[in-house]
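Please keep the sequence and the 3D view at hand while reading.

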Amino acid sequence: MDTAGVNFKELFNLSGRVALITGAGAGFGEAIALGLAQYGCDVAAADLNFEAAQRTAAMVAAQGRRSTAIRVDVSKPEEIAAMADATVRELGTIDILVNSAGISQHTPALEVSVEGWDKVLDVNLRGTFLCCAAAGRVMVPKRKGVIINFSSIAGVVGMGRGNNAYCASKGGVNSLTKQLAVEWASYGIRVNSIAPCQFRTPGLLEVMADKQFDPEKLIQTWTSGIPLGRVGEPHEMVGPALFLASDASAMVTGIVMPVDGGFLAH
Ligand SMILES: NC(=O)c1ccc[n+]([C@@H]2O[C@H](COP(=O)([O-])OP(=O)(O)OC[C@H]3O[C@@H](n4cnc5c(N)ncnc54)[C@H](O)[C@@H]3O)[C@@H](O)[C@H]2O)c1
């Protein structure tokens, strides 16, 4: 196509597309739901916390977009299948999948139980894979789709504070992202992951409230590792997600995109 004939303002237009977002009841998932809706996207807001999913779906509807709220536990394979079915039934298809549901755990390596390990891996890694597969079943036949997985800087480098299962799960998300990007490229499906540093979401506030930590010290440790000198705010994840969800990133697949204030740059 002739560059002169391209309307670049349309690159971020998501009108007529449907996004399924897990973890949509809070944090990144909620912010991304609202952000994509403002660019024309209809949204299925899925979360373990159904009331929170309903709140997000209502905010999407207030933007004039179609929305539906779905209760899902992404550690339960049968609930994931039902979530994908409900999205197609209510909104017609799945064009974009955002896997934002995730949990953390801070247990020193020698104290981690098998159950504790499995819980983190079941939600963060197996859940992400099964959601990709459920969306893939809709996307492969139409030979089009976009998937955004949530990794972390902890999926790229080791962190302190008993992050063993979490780091392993996020490293797995990065490998899975690359594998699916390659495996599904011929179907026109792009798969990327985002690796954030610390962002002030409800999930992060929960870590700060954990009695084993001094919140002041935590913030100090986090910000000292981030060249931009501060933690992120949830709304600052909307731009990166919009880029990956839209045609603006049409030639981008298989990447782990740091959104980390420069953390991984040094
Ligand atoms: N906030 C950060 O600093 C940060 C940094 C790096 C990576 N991440 C990752 O980004 C993603 C989103 O994080 P956040 O900070 O917005 O989290 P959050 O805790 O603020 O929100 C997560 C949402 O996911 C839902 N959820 C939890 N378990 C679920 C399950 N089994 N099934 C369905 N929904 C479930 C929760 O109810 C909640 O609404 C996570 O994968 C997290 O690991 C976050």
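## Terms and basis

A residue is called buried under 20% relative accessible area, exposed over 50%, and partly exposed in between, with a 1.4 Å probe and protein chains only. Residues are numbered from 1 along each chain as its sequence is written, and side-chain values use heavy atoms, with hydrogens and water left out. The model is predicted: local features need pLDDT of at least 70, side-chain atom pairs count only at pLDDT 80 or more, and totals for chains, interfaces and linings use all residues.

## A helix residue

Helices (H or I, at least four residues) and strands (E, at least two) are DSSP runs numbered from the N terminus. Helix 3, residues 77-91, contains A82. A82 counts as partly exposed because its relative accessibility is 44%. Between the C-alpha atoms of A82 and F12 the distance in space is 30 Å, and the two residues are 70 apart in sequence.

## The ligand and its shell

The ligand is surrounded by 28 residues, where a residue is near a molecule if one of its heavy atoms lies within 4 Å of it. The closest are D47, Y166, K170, F199 and T201. By class, the shell has 15 nonpolar, 10 polar and 3 charged residues. In this scheme Ala, Val, Leu, Ile, Met, Phe, Trp, Tyr, Cys and Pro are nonpolar, Asp, Glu, Lys and Arg are charged, and the others, Gly among them, are polar. Helix 1 (27-38), helix 5 (164-184) and helix 6 (202-209) each supply at least two residues of the shell. Helix 6 gives the largest share, 3 residues.

A polar contact is a pair of N or O atoms within 3.5 Å; within protein, one must be able to donate a hydrogen and the other to accept it, and residues adjacent in sequence count only if both atoms are side-chain atoms. A side-chain N or O atom of T201 lies 2.5 Å from an oxygen atom of the ligand. For F199, a polar backbone atom is 2.8 Å from a ligand oxygen, and for F28 a backbone N or O atom is 2.9 Å from one. The protein covers 88% of the 830 Å² of accessible area that the ligand has on its own, as computed by the Shrake-Rupley method with a 1.4 Å probe.

## Residues in loops

S152 is found in the loop between strand 5 (145-150) and helix 5. Its relative accessible area is 7%, so S152 is buried. The side chain of S152 reaches the backbone nitrogen of A154 at 2.8 Å. The loop between helix 4 (114-142) and strand 5 holds R143. Phi of R143 is near 55°, a positive value in a residue other than glycine. Most residues other than glycine have a negative phi.

D210 lies in the loop between helix 6 and helix 7. With a relative accessible area of 25%, D210 is partly exposed. Its side chain reaches the backbone nitrogen of Q212 at 3.0 Å. D210 and H106 are 104 residues apart in sequence, yet 9.4 Å apart in space, C-alpha to C-alpha. G225 is placed in the loop between helix 7 (215-224) and helix 8 (238-245). G225 counts as buried because its relative accessibility is 14%.
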